[in-house]
Amino acid sequence: MPTHRPTRPRSPLAGPSAGPTSPFPIPLSGPIVKGFGRGSRDLGIPTANIPLAGLSVGGHQEVESGVYYGWAGVDVDAHGLRVTEGGNEGGGGAGGVWPMVMSIGWNPFYKNTVRSVEVHIMHGFANDFYGARMNLLILGFVRPEYDYVDKESLVEDIRTDIEVARRSLEREAYARLKDDPYLIQFQGGEHEQQVAS
C-alpha cells in the first residue's frame with residue numbers, strides 16, 4: 001500500500017556514487033504503447049509507456065513499485081522519429097539513447113486498477129512514436145510510490161524526480177552506461193543483459 005508523501009527535504013542524488021548495486025542494472029524492453037494519456041495532458045510531463053511484461057526481460061516481474069532512473073534507448077530510425085533538442089545522441093545510427101526517469105506502479109492518485117510502466121525520457125521529441133522499440137537500463141531507485149492529496153504535489157515530486165535522476169546519471173559510474181550495447185539492440189525480442197564494465 002503506498003504511503004503519503006513525506007514532508008522532509010529530498011536528497012539531490014539517488015544511488016551510490018560508485019555505481020549501481022544489486023539488483024541494478026535491470027534491463028527492460030518493449031514496444032511503446034498508449035498509456036492513460038495523462039502525462040502530457042494532465043501533468044505536462046510526457047511519458048512513453050511499455051507493457052508491464054517488459055519486466056520479464058531481466059526476471060524482475062516483482063520489482064518494487066516506485067520511481068527509478070537510468071538510460072532509455074529508442075529505435076528512432078525505424079520510426080522516422082524527429083527530435084527537437086539537438087541530434088541523435090549516443091545511438092550510432094541504430095537509435096537514440098537518452099536519460100530517463102520512470103514510474104513502475106499503480107499511480108494511487110489516479111486510482112489505477114492495473115500496474116503500469118511509465119517512462120519520461122529527458123529529451124524533446126517532435127512527434128509520438130507508438131510502436132517503436134524501447135530498451136531501458138534501470139540503474140537505481142529514486143523513491144517509493146506515494147499517494148497524493150492534490151495534483152500540484154504530484155507534479156512537484158515528478159519534477160524533483162527528474163532533477164534527481166538527471167544529477168544522478170551525470171556521475172561517471174552511471175554516465176558510462178549510456179554506451180551499453182543493449183540499449184540500441186532492437187531485434188524486437190527479449191535481450192540478454194550486457195552491461196559495460
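Start by selecting Tyr 69, Trp 71 and Leu 139: they have the most contacts inside the largest nonpolar core, which has 25 residues. A nonpolar core here is a set of buried Ala, Val, Leu, Ile, Met, Phe, Trp, Tyr and Cys residues joined through side-chain atoms within 4.5 Å. Buried means under 20% relative accessible area, exposed means over 50%, and partly exposed is in between (1.4 Å probe, protein chains only). Helix 2 gives the largest share, seven residues. Another core, of 23 residues, lies apart from it; select Ile 32, Ile 104, Val 117 and Ile 138, which are among its members. In soluble globular proteins, nonpolar side chains tend to be buried together.

A word on what you are looking at: this is a predicted model, in which local features need pLDDT of at least 70, side-chain atom pairs count only at pLDDT 80 or more, and totals for chains, interfaces and linings use all residues. Residues are numbered from 1 along each chain as its sequence is written, and side-chain values use heavy atoms, with hydrogens and water left out.

Zoom out for a moment. The chain has three helices and eight strands, where helices (H or I, at least four residues) and strands (E, at least two) are DSSP runs numbered from the N terminus. Read along the sequence, they follow the pattern β-β-α-β-β-β-β-β-β-α-α. Of the 197 residues, 49% count as buried.

Next, select strand 6, residues 116–121. How many of its six residues are buried? Six of the six are. Ser 116, Glu 118 and His 120 are on one side, Val 117, Val 119 and Ile 121 on the other, and both faces are covered.

Strand 3 (residues 48–50) pairs with strand 6 in the antiparallel sense over three bridges, and Asn 49 has Glu 118 as its bridge partner. Strand 5 (residues 96–105) also pairs with strand 6 in the antiparallel sense, over six bridges; look for Met 100 opposite Ile 121.

Now for the rings. Rings of Phe, Tyr and Trp (its six-membered ring) pair if their centres lie within 6.5 Å, with planes under 30 degrees apart counted as stacked, over 60 as edge-to-face and the rest as tilted. By this rule there are four aromatic pairs. Select Tyr 68 and Phe 141: this pair is edge-to-face, 5.1 Å centre to centre with 70° between the planes. Tyr 68 sits in strand 4 and Phe 141 in strand 7, 73 residues apart. Tyr 68 is buried at 2% relative accessibility, whereas Phe 141 is partly exposed at 26%. Show Phe 24 as well, and you have one aromatic cluster with Tyr 68 and Phe 141.

The peptide bond from Phe 24 to Pro 25 is cis, with omega near 0°, and Pro 25 lies in the loop between strand 1 and strand 2. The bond from Ser 22 to Pro 23 is cis too, with omega near 15°.

Methods. Two strands pair if DSSP finds at least two bridges between them.
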